[in-house]
Amino acid sequence: MKYLLRSTHVASLTFLLTLAPPADCFARRPQVTLADAEQGNAEAQFLLARAFLKGDGVPKNPTKAFLWMKKAADQGNADAIGGMGYFYSAGVEVERDEVEAVRWFRQGAEKGSVRALLNLGLVTANGRGVPPDHAEGLRMIDEAAAKGLPEALTAQGETYFYGQFGRAIDYGKARESYRVAAEAGIAAAQNVLGVIYRDALGVKPDQETAILWFRRAAEQGDKRGLSNLGHLLGVESADQTRRIEAIKWVTLAADQGEVTAVKTLEELSVSMPQDVASARAAADRFERKTEPGAR
């Protein structure tokens, strides 16, 4: 049985990623943030907006997310100003308008928002709402990465990993950017770092290190990390305990529609139904973890 294991792509334009709440987020202290937001605290309003956007600690509600984001932006909160660009770029609660999105990203970046700077770099490099300018887009992505934003380091790593925007593929530089982001808890970076060690991209092959990074991504519920971990552990392993664990991770990935995992699970359901049933029971007990500092 052969499996496609190189399911590594990370979307280039991940605006929602840069809006995800930090560790000290609304989900951890809703009553405090809500009270502060209602009293006009712009930072609390921004946190509350992101919580409603993601459904962290509160029911997901894009309408409330937009209203709170606008309140914070109207008070001059730089991240909220940049955050308004997400709604226009994605067409959430407003008509999609990429030119308007760029306007908000630029204003946020000019006020000092590193997230807005990253998003401005991404739209500039991709030519969304502005003429494409790879050099300028890369400059802004790199600047945001230099400021330590984990999402920016992930985006920077991607440009080296895939050779984007005219940048030459450089697995060494990609690995370093991904490593910092992965250590900060970014699941997508953890997954690709696992791929680098599994496939010996600029390093010696190291399955144990690959498993370590895939596991950290998988435990956060990242569908590619789940799939890669399961396949690398071995869904046909001679060790029954290891085999069922592997199928468990593949099952969780298939639940999210990861293509390789879906195909694998379909085949295993015919060839080893009892193991699949055991893995399903284990998957149902899985509880997603959030790493400290993860966005």
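Trainee: How many residues apart are Arg103 and Glu100 in helix H5?

Mentor: The model is predicted, local features need pLDDT of at least 70, side-chain atom pairs count only at pLDDT 80 or more, and totals for chains, interfaces and linings use all residues. Residues are numbered from 1 along each chain as its sequence is written, and side-chain values use heavy atoms, with hydrogens and water left out. Helix H5 covers residues 98-110 (helices are DSSP runs of H or I, at least four residues, numbered from the N terminus). About one helical turn separates Arg103 and Glu100, which are 3 residues apart.

Trainee: What is the distance between the closest N and O atoms of Arg103 and Glu100?

Mentor: The two form a salt bridge, meaning a side-chain nitrogen of Lys or Arg within 4 Å of a carboxyl oxygen of Asp or Glu. Their closest N and O atoms are apart by 2.7 Å.

Trainee: Is Asp74 buried or exposed?

Mentor: Asp74 meets Lys70 in a salt bridge of 2.8 Å, N to O. Buried means under 20% relative accessible area, exposed over 50%, and partly exposed in between, with a 1.4 Å probe and protein chains only. Asp74 has 54% relative accessibility, so this residue counts as exposed.

Methods
Helix = DSSP H or I, 4+ residues; strand = E, 2+ residues; numbered from the N terminus.
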